[in-house]
Amino acid sequence: MHKNSIIKLYLKFRYFVFLFALILNFPSKNFAQSERTGEERNLANDRNMAILDTIPSNDTLSGEKHNKNENVLDVKVIYSAKDSIALSNDSKKVFLYKEAKIIYGDIILEADYIEYDQEKNYVFARGVTDSLGNLSGKPKFKEGGEEFVAKTIKYNFKTKKGYIEDVFTEEEQGFLHSEQTNKLEDNSFLLKNGKYTTCENEEHPHFYLSMTKAKVVPNDKIITGPAYLVMHDIPFKFLGVPFGFFPNQSEYSSGLMIPKYGEENIRGFFLQDGGYYFGVNDRMDLTVTGDIFSKGSWGGDVQFRYKKRYKFNSKFNFSYAEFIKSEVGLPDYEKNKNMQIKWTHTQDPKSNPNTKFSASVNYSTTGFDKYNAKTTEQLNTNTKSSSISYGKSWPGSPFRFNAQLRHSQNSKTNNVSLTLPSMTFNMDRQYPFRKKNSSGETKWYEDIEIQYSSKLENRIITPDSLLFNGTQISDFENGFQHNIPLSTNFKLLKYFNLSPKVEYTGILYPDYVKYSSEVKVDDEGKKYVDIDTLEQPTIKYAHLIEPSISLSVGPNIYGMYQFKNEDAKIEAVRHVLTPSVGISYRPDVGSMVDQYYGSYYTDTLESVEREYSIFSDGIYNFPAAPGQSGSINFGLNNNLELKVRTDDDTSSTTKKIKILESFKISTSYNIFADSLNWSQISVRGRTTVFNNKLKLNFGANLDPYALSSSGTVKNEFHGGVGRLERIDFSVDFDLKSKKGEDKGKSGSSNSNKGFSQMDDFYDYSNDGQYNIQDEIVSYVDFEIPWSLRAGYKFVYSKPAFEKRVTQTLSLSGNISLTKQWKISFRANYDIAEKELSSTSININRDLHCWEMTFSWIPVGRMQSYNFQINVKGSTLRDLLKYDKRKSWHDNL
């Protein structure tokens, strides 16, 4: 049968879907195994405690059988009661009243009334009804890790069999109710008229699977006979099954994973995330899932996890997908094959402090996110990066080694950058002239420090389509570089910092380049310059010793204005100025670098020479060019604060309010440049007000030089403060309720309201009449938990003659209308383009044991919606649900 017909049939007869889903063994993915502690058995201080010693005589314990009574128990029976303990006339029965307890081995039975037959080793327990007809002190039975509550319990300690009425117990990921239950000696249970649910309401669950009969094997499975769904006491017998199978395991187990089903316009009917889970052991597991669509698209996913306690945690994921649109031969036909690899590996820091290995790999083909993204963020992500790192350090040594594999890719340019490997060997800062046990003030030479750093890299930048297809080793660029800086720092005249430095730098390349130029004539008789690049495949090592010195000063200048009026709210204004000036200089290293530079002509008259470095194609820039260099850096930072009196009349305390956190102006001057000596003037500022609720950031770039008629910068001043090239401004407003959060935490729970949404909105007075005024007072309330963030950003840029202005508005937040209702939203608006982008609305409704979710992306490429109602318990989540959706893939 055609797979399209199979999927249609699968969706049409959901009754059979439910049937098959019930009989499948769902896997449990819990890595951690719970540790169970023993029950405390010390009742020595109870005034009504008694111990029945049914242990055989010493002769029996030693191997001599004198007592052949099969009813004799091999463990002591301990019992107690708060109110009283009574014996029958023949002393064969014991009657325990009020908070009675019997302990036999790992069995603990508690109830308000317990009757114990010592001869038959039989016990009966029930609750007690008070004068108002309320039943209290129901029997509670514990054995090992199993526990349940019932109306009555009859149990035989010797045979380990029992009969239970109206039992309630919590099984793994669910709750079990039964009117009549037989406990077998293997600790399994036979149920009659049972209920299985994930609803926590013990007395009256809002929904359940009604089971005529069932068998429960603790920590293993639940097998049912005929069963059907009941919701709010309404039976849906047409949703019945002849038998069912539920996993009941707290540990890991293997099993099938039920797929999701639905329909899309482009890809057709689908089954998604179906597959098999392999619970290998408590350290590793494997998940294999797949997707299939009726119109040909398909995909697969393999996920492997491995965890070793106190050592490391590793997770590997491989995904492959084929996207098919339309039919072969049609103009809109499209077929794409894409894959993705993800791998994370983290090491416990305590496992080996001196050796570290970590991995964070995220690689995919360019079209993977385009056709397989599941979130807006994933679809809009243009860059991905990966890193695999190994590090080694030696105790008591300043040396460190690190090796890395790095990857980055850009989905817009389709380029991939791969570094394989990148190795570094470094030495931490050392003070060679300091004594180990020196005391007193250090000498100037004792502050001389030395370091060592080296790195070797092999890297390539290529289109992703060629990375594994046609790329050769010779296409990689590689090199080696190491540095030895020797430096110190002096304090001069209290405010000046003098920093002399001498640095040795060496680089090693497997090749270098030479440029040559020749004036030639083309076919039309015009002269042109032919520039030829010749690669020299010879290992070349270049090095130099580069001295430099810098001098900087940056004092703080304080200004304060005090208000004389003692009743004024503002007590003082403080202004802090921080001017800074820095001078750096590097002398001409002369012949040490001349051999690494060449020149060639760029005009037909051979009058204009262009200088180049023979390592211009290398991965490292040569550290110095011929000639001397130096610059002067200027900066001025401002800070403005208010000192205000608090509203507390009982004290004279004050607090500081920031008016301007930072307002900085900076520029620099190149001393030895032959033109365009001044750099752009940078203006940056920021502040936060209203208790950090409002954040302001602004900045501007001013170019002191004018533009030529062609739009290039010329060596003439523009006039005024400079030519405005860019200005930006942003404001972010962040609000959230405080009393609302407290109200949300301390408010009463509505967990027993079940499906009735109206209970959240209608209030009834004592006489049962609806009070509209109460509704207005209760629910038009802005003190409920909520948060709101709004932002505005403005950017003006004019690098030449054309200007560009962008303005964007952003709004996001969430609000909890009640403890059950929550709405969250996010929106961005481009003012220039007059369109919304990255907008989403999410609504969640807690329905006690059910939940409702609605998500909507109204605009953009991921325009879609999804509505779903399902039970909360993971065991039945994928079985008892209703969903309606529109996939964003239909927009492709």
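## Exposure of T381

A residue counts as partly exposed when its relative accessible area falls between the buried limit, under 20%, and the exposed limit, over 50%. In this predicted model, T381 has a relative accessible area of 34% and is therefore partly exposed.

T381 belongs to the loop that links α5 (376-380) to β28 (383-393). Along the sequence, 31 residues separate T381 from K412, and in space their C-alpha atoms are 9.9 Å apart.

S188 is placed in the loop between strands β13 (174-183) and β14 (189-197). With a relative accessible area of 1%, S188 is buried, because the value is under 20%.

The side chain of S188 forms a polar contact of 2.5 Å with the side chain of D186. Leaving aside residues up to four places away in sequence, S188 touches N182 and K183, as well as K215, V216, V217 and P218.

## Confidence of the prediction

For the protein chain, the mean pLDDT is 80, and 83% of the residues reach 70 or more. Among its elements, strand β45 (residues 694-703) has the highest mean pLDDT, 94, whereas helix α3 (residues 58-61) has the lowest, 30. The pLDDT is below 50 over residues 1-68, a stretch with 145 contacts in the model beyond near neighbours in sequence.

Residues 743-783 also have pLDDT under 50. For these residues, the model contains 51 contacts beyond four places in sequence.

Methods:
Residues numbered from 1 in each chain as written. Heavy atoms only, no water. Helix = DSSP H or I, 4+ residues; strand = E, 2+ residues; numbered from the N terminus. Buried < 20%, exposed > 50% of the residue type's maximum accessible area, 1.4 Å probe, protein only. Polar contact = N/O pair within 3.5 Å; in protein donor to acceptor, adjacent residues only side chain to side chain. Contact = heavy atoms within 4.5 Å. pLDDT = per-residue confidence, 0-100.
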